[in-house]
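Q: Hi! Could you walk me through this structure, step by step?

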Amino acid sequence: MGNSFKQIAERRKKDYNFKTLTNAAASFFVTALFALYNGFLGIYYSSVWNGCICVYYILLAVTRGMIPITEKKNLSRAEKADAYRKRTFKITSVVILMMNLALVIPISLMVLNSRPVNMGLIPAIAMAAYTTYKVVIASINIKRMKRSSNILVRELRTINFIDALVSVLTLQNTLIIVNRTEESGDMFVLTAVSSAVIYLVILALSVWRIFKENKNSKTS
């Protein structure tokens with residue numbers, strides 16, 4: 001057992017694709033838990049925001065789950081691996097676009113300050129630290145994804161970056177509400193503009209990656 005873990009750790013250091021796929025498998029379970037948690041809050045508190053975020057995390061879990069499963073099955077069908085990767089990419093591309101649509105309502109509610117936030121300053125700061133770490137790691141990995149020839153590995157890195165941007169949106173809303181006072185003034189314009197910019201980046205990145213990969217598939 002110890003040797004198995006050691007071999008996996010060594011392979012993760014040397015094999016970029018393997019590291020990405022194992023991270024995705026672990027992220028799938030975390031994302032699924034987030035979906036269940038927000039689904040529960042949505043039902044229990046009749047919260048539209050939590051219900052919509054639940055849909056987002058369900059779709060995110062689907063993408064993070066399908067890719068490692070495809071690669072695991074490809075171990076026994078090496079000759080057709082690329083064809084199955086392209087098929088999975090087409091399916092997950094549709095799911096990613098659905099994820100983008102699922103964000104419209106939560107972002108609208110955040111802009112209108114209609115998302116309930118029961119959080120103190122210290123948890124909010126911890127959330128800020130985690131979000132910063134998430135964005136930094138996702139940014140580094142999206143630059144490194146060029147080293148991989150696997151279309152699904154590149155897609156995973158794009159998905160992780162999109163998820164990091166969603167975390168920034170949530171953090172922004174949380175910090176504004178936690179620190180808001182009667183003297184703070186109306187933050188509607190700032191929140192609306194910054195949320196719109198981040199959402200447009202998410203949408204542009206999703207569409208750009210789909211067109212780019214489809215173009216590469218046709219020329220390869």
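**A chat about the structure**

A: Happy to! Let's begin with the largest cavity, which is lined by F89, S93, I96, E155, T158, I162, S206, R209 and I210. This is a predicted model, where local features need pLDDT of at least 70, side-chain atom pairs count only at pLDDT 80 or more, and totals for chains, interfaces and linings use all residues. Residues are numbered from 1 along each chain as its sequence is written, and side-chain values use heavy atoms, with hydrogens and water left out.

Q: What counts as a cavity here, and what counts as a pocket?

A: On a 1 Å grid over the protein atoms alone, a cavity is a set of points where a 1.4 Å probe fits but cannot get out. A pocket is an open set with protein on both sides within 12 Å along at least five of seven lines. Lining residues have an atom within 4 Å of a point.

Q: How much space lies in the largest cavity?

A: About 40 Å³. A volume is the space filled by probe spheres set on the grid points, which are joined across faces, edges and corners. Searching the whole structure turns up one cavity of 30 Å³ or more.

Q: Which elements supply at least two residues of that cavity's lining?

A: They are α4 (81–102), α7 (151–179) and α8. Helices (H or I, at least four residues) and strands (E, at least two) are DSSP runs, numbered from the N terminus. The cavity lining divides into four nonpolar, three polar and two charged residues. Here Ala, Val, Leu, Ile, Met, Phe, Trp, Tyr, Cys and Pro count as nonpolar, Asp, Glu, Lys and Arg as charged, and the others, Gly among them, as polar.

Q: Stepping back, how many helices and strands are there in the chain?

A: Eight helices and zero strands. Along the sequence the pattern reads α-α-α-α-α-α-α-α. Of the chain's 220 residues, 43% count as buried. Buried means under 20% relative accessible area, exposed over 50%, and partly exposed in between (1.4 Å probe, protein chains only).

Q: Back to F89 from the cavity lining. How far apart are the C-alpha atoms of I151 and F89?

A: They are separated by 7.4 Å, although the two residues are 62 residues apart along the chain. I151 lies in helix α7.

Q: Why does I151 count as buried?

A: Because its relative accessible area is 8%.

Q: And K86, is that buried, exposed or partly exposed?

A: K86 is partly exposed, because its relative accessible area is 33%. K86 lies in helix α4.

Q: New topic: how many salt bridges does the structure hold?

A: Six. A salt bridge is a side-chain nitrogen of Lys or Arg within 4 Å of a carboxyl oxygen of Asp or Glu. One of them joins R64 and D163, with the closest N and O atoms 3.3 Å apart. R64 lies in helix α3 and D163 in helix α7, so this pair ties together parts that are 99 residues apart in sequence. R64 and D163 are both buried, and together with K134 they are linked in a network of salt bridges.

Q: What about E71 and R85?

A: Their side chains meet in a salt bridge too (2.7 Å, N to O). E71 is in helix α3 and R85 in helix α4, 14 residues apart, and the pair links distant parts of the chain. Both E71 and R85 are buried.

Q: R209 was in the cavity lining. Which residue does its side chain meet in a salt bridge?

A: E213, at 2.6 Å from N to O. E213 counts as buried because its relative accessible area is 0%, and R209 is buried with 5%.

Q: And pockets? What lines the second largest pocket?

A: The second largest pocket has 19 lining residues, of which F18, L21, P68, E71 and K72 lie nearest its centre. The elements giving two or more residues to that lining are α2 (16–44) and α3 (48–74). About 510 Å³ of space lies in the second largest pocket.
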